[in-house]
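Hi,

Here is the structure I promised to pass on.

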Amino acid sequence: MIIDELEDIFRDVLNDDRLSLTGDTIQAELPGWDSLAQVNALFAVEERFGVRFSTREFQRIRTIGDLAQSLTAKGVTASRPTA
Amino acid sequence: MSQVAPGEATRPFDPALTEAPLDADLRLAAQLEAPPGQLCLDIARGYLRQGEQTTAGQWLLRVADDVDEFRPWLAGAALLPSVVGSLPAPARSARIAVLGTYTTSQLVPMIGLAVRRFGVEVELFEGDYAQHEQQLLDPGSTFYAFAPDYVVIAAHEGATRLSRLEGDPESAVAAEALRWTSLWRLARERAGCRIVQHLFAVRPEAPFGHLGTRLPGARDTMIHALNARLSEEAGDDVLLVDCERLAAQVGKRHWFDDRYWHIAKQAVALGALPLLARQTAAVVAAGIGLSKKCIVLDLDNTLWGGVIGEDGVDGIAIGEGPEGEAFLAFQRFLLDLKATGILLAVCSKNNPADARLPFDQHPDMAVRLDDIVAFEAGWDHKPDVIRRIAADLGLGLDSLIFVDDSPFEREAVRRELPDVDVIVLPSDPSGYVRALSEYPLLESVRLTDDDRHRTAQYQARKRAKTEEAAISDLPTFWRSLDMRATIAPIDDLRISRVAQLIAKTNQYNLTTKRHSLDTLQQMRRSSQWVHFYAALRDRFADHGVVAVVLAKEDDSVLEIDTLLMSCRVIGRTLEQALLSRLCIEALDRGCTQLRGRYVPTAKIALANELFITNGFILVSENDDGSTDWHYDVAEQGLIQNDYVTIEAL
């Protein structure tokens, strides 16, 4: 599931091994998810899935649901094994 | 990796997953010589969950060995402070302040991780965004309170005040250089620290296109000039990081990503930060004196292709052929490193006598025995031999790196000598140079041998003059090449190269006869046959064996059976040297004439010129298109060889 992958990424980016995400997780409510973490997280997602977010998406994505939706729109379907 | 089994904290344990996530990661890592950073990070987290801080810390440091991914570096750097205390304390420590012209929040902790990986305990200070000038100018700043040993000036080209097109570029560059050197002076005088300056990477979008290089006042041209100026002015206490080269290495499209600048004032793309952090750390480590001092080399399939004990001197690949060229390139790279003061040692499993044979006998070896400070060949266990080499040279094991094509030997050294860094060579020797060049701890702060440096300068100046003269006309050009040839009967060492030339040469080949190796051997045994090869070198390169001549004695006539030259030496008059030698051979045997045939092929008819320009007379034109030619040595005299000096073997 994409959401599991995103959870792994956010655990790394926010340095919180116990972090748990759902589609409803909102940026404002997740401790540490500030503007810098946003850049870090979105780049880590780009690196993982081989996608690219636009400058606008960097600003508009505010929930994990937004992020998952954006990935789906870019053709990312489900978890792919890493190299 | 983590997706092999997601974290147990949020999901119930699945008995179908019989293996714990850490065990699965460890099993995967055991199969890889250089586990990727993310895997090392996941393993570190796994050990942390079990409360094994020390092992976790060791795995965490290994994240820094792989600069390909951003995420493990970001996470690893953030995790480091909580585990570093449980690792054995390093002997060295450094206080490093980073003053950036852009957002350095990601870079600074990464530098910390990389420096710690190189065995230095580190305290970090991060200046506020783009406050580098203020913090250096204000004696009461937090920067000075931190009392750094090193200040990293993380600068990007956007922070220079050079305009797009400058009317007086010289003054503009001088003024800009002064801005930065003044900052160095402040840091030096007030903090007494050493400076690590990031030089400027030039952006890939050139508004003036290719014309820009001709415009001294174009911004990009001035940035290059600024880098050169700063490099000149950097004293012993200023260490430079060549970001222009690093950007080119990862590709400028990857180094510059303007989204990050527009969103977060981040001038270096996040994906390039691990490389920048590691290279910055390597320069600091060199400053502290932690660069490696000696490369311990295997021989078979490391310095040459093949096994000397089985293949013999004429069977190994060095110099000739694609693989031979790759090994030669690697040897030359080693000599370049040696020129910066790095020692070369040999640790080979071989009979001692065999191991030295290529050095003594093979003409194409670039590394010679006197380039090697310690030569150990035998059948002892390599980690024991490496300990002996270190002791003999009076070096610590942590000053050595080990280069060997065998994964088995590499694993033995990694396991038994953890202080010795091991270079993982790819299976293709064409990748050896890059594998070694990407190892970060071969940095030297400066070249100490000033005299040699000076000699090199004089040589370069002299060469520049010759270069200038060489472009006037062909004879001057040929003379300027300083061509030297060895012409000698085909011997065992070179026969396979000769056979290769006979099989492959199309362009400059009089008869294109494809003699087999057996036929060649018969010719060598027959007193009727004259046979020789030519090896050519010049001021720029050693071309190796590039020409072959076979001729048969028939009463008073020496009949040219084969005359060919490799296409890389066409147009240099080497053919005159070959014909000149043939004339001498003819006279020695009491022959008065040379006879030759030219058989045109579909390929370009360069060889036909040979007879015409050297005074041969056309005897007959045959039905098959071939032509026969004749040269009377007794009457016409020796064919002159004007431009190639003949050297004894």
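Let me start with a question: which side chain of chain B meets D12(A) in a salt bridge? It's R45(B), with 3.0 Å from N to O. Do keep in mind that this is a predicted model, so please take every value here as computed from it.

That pair sits in a wider picture of how the two chains meet. Between chain A and chain B the count is 5 salt bridges. On the chain A side, 27 residues are in contact with chain B, and 29 residues of chain B are in contact with them. Together the two chains bury about 2500 Å², and carbon and sulfur atoms carry 52% of that area.

Now for chain B by itself. You'll find 649 residues there, 51% of them buried. Its secondary structure comes to 26 helices and 19 strands. Looking at contacts in chain B with a separation of 6 or more, 70% are between residues 24 or more positions apart.

On charge, chain B carries 93 negative side chains and 67 positive ones. The centres of those two sets are 4 Å apart.

That's what I have so far.

Cheers

Technical notes. Residues numbered from 1 in each chain as written. Chains lettered and ligands numbered in written order. Predicted model: local features only at pLDDT ≥ 70, side-chain atom pairs only at ≥ 80, totals over all residues. Heavy atoms only, no water. Helix = DSSP H or I, 4+ residues; strand = E, 2+ residues; numbered from the N terminus. Buried < 20%, exposed > 50% of the residue type's maximum accessible area, 1.4 Å probe, protein only. Contact = heavy atoms within 4.5 Å. Lys, Arg positive; Asp, Glu negative; His and termini not counted. Charge placed at Lys NZ, Arg CZ, Asp CG, Glu CD. Buried area = accessible area lost by both parts, 1.4 Å probe. Salt bridge = Lys/Arg side-chain N within 4 Å of Asp/Glu carboxyl O.
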